[in-house]
Amino acid sequence: MLSFCSKVLRARCLHTTPVQEADKAYKFVVVGAGTGGLAVSSALGRKFGAGNVAVVEPSEVHYYQPMWTLVGAGVKTLQQSSKSMAEVMPPQVDWIKQRVAGFVPDKNAVTLADDTKLRYDYLIVALGLQVNFNQVKGLLQALEDPDSGVSSNYSSKYVEKTYKNLQRFQGGNALFNIPPMPIKCPGAPQKIMYLADDYWRQNGVRDKTTITYNTPLGVIFGVKKYADSLMKVVERKNIKLNFKRKILEVRGDKKEAVFEFLDNGTHEVYKYDMMHAVPPMGPLDIMKGSPICDQLGWVDVNRETLQHIKYPNIFAIGDCTNVPASRTAAACAAQAAVLRRNLLSLIKGAELTAKYDGYASCPLITGYGKTILAEFDFDGKPLETFPFDQGKERWSMYHLKKDVMPQLYWYGLIRGIWDGPKLVRDMMHFWKK
């Protein structure tokens, strides 16, 4: 048995050690080993075998970021949200532990940080986006200060601070915000607010607390059905909701945050004793001005086929694209299925018939043990999996979010064998058809 395990480990290491050979060529190069990158490279590795797929990823740790809301609320630990990159990297791929430095699509190549090039027949871009803490004046300093009362669930470095702040809070002003779109999981900034409300109620400080939620949008959520449900939650929890407010600055020494009122451009100052801050997000710096990106720095693809608008042998998935869908892990699952089928069709010289419908899901946690499971398409039309009204708060959906979805992620999605709930949804609603 030990001999067998040793051979398996050696075989795995053969394909996950850094590749140093200059201008090495692969059939497929996948840039990024986040959710979408792993989902696609796992499937390609199984189908085409060793030596055909390269994954460019410098990180040593992979995080299941949708769990961070529950980490910030003390339900899960940061360790539970992570695995080593070596553990999740598909065994059939070559793992190139470098950062990508640029794209040369006219020569079917990507440039790495050490100036070597990887050549490809087909390129899959899965670089995600970046969280721009530095775009809010004073925010980084406040996050680094352990006594500032400011935290953010959008970073592994600061997410544990959220629960510490919830525990230390003894009443006063609690401030939550969401920045302009696009961001990862647009529901996450309000999920932690509802959990904070619940935590403080359980610990006897809610009656001494004012909770404020500032959003630059004109609605609390982009899909009307779920927005209506959330407005009832906000009213029940007595949360002050301010629309058209964009975060500009955090003054950690004064415990103040500055917002712009977008209707007239005036600045408003909010006092806080505890703040969960979410900064703007955007494309990675290397994507700005890239020949594969649009003017804003997002990879320019057809929103249905995920194929590049100009370069037919390039596809992209997830947060790095200009696909107008909610940036969630559930969206990556649906996109991975479409991308994989269209890529195989392209290789065969066939028409690209798989179409992404914009499916995304957001489990809107409204308290410990309560969740509204939002599922919808490009047009904001609900695409609900279960044959009951998912616009209602349910314990079952909280259990799905807390206990089931992590298993689907680790053992299904990033292994390229979970394409989202479409099949389940079709089965659940078969009787309607």
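Cys 293 is buried, with a relative accessible area of 13%; buried here means under 20%, exposed means over 50%, and partly exposed is in between, using a 1.4 Å probe and protein chains only. Cys 362 is buried too, at 1% relative accessibility.

Keep in mind that this is a predicted model, where local features need pLDDT of at least 70, side-chain atom pairs count only at pLDDT 80 or more, and totals for chains, interfaces and linings use all residues. Residues are numbered from 1 along each chain as its sequence is written, and side-chain values use heavy atoms, with hydrogens and water left out.

| Cys 293 | Cys 320 | 7.7 Å |

Now for Asp 377, which sits in the loop between β21 (370-376) and α10 (395-413). Helices (H or I, at least four residues) and strands (E, at least two) are DSSP runs, numbered from the N terminus.

Asp 377 is buried yet has no salt bridge, and the nearest side chain of opposite charge, Lys 381, is 5.5 Å away. A salt bridge needs a side-chain nitrogen of Lys or Arg within 4 Å of a carboxyl oxygen of Asp or Glu. Still, the Asp 377 side chain reaches two backbone nitrogens: that of Asp 379 at 3.0 Å and that of Lys 381 at 2.9 Å.

Methods. Lys, Arg positive; Asp, Glu negative; His and termini not counted. Polar contact = N/O pair within 3.5 Å; in protein donor to acceptor, adjacent residues only side chain to side chain. Disulfide = S-S within 2.5 Å.
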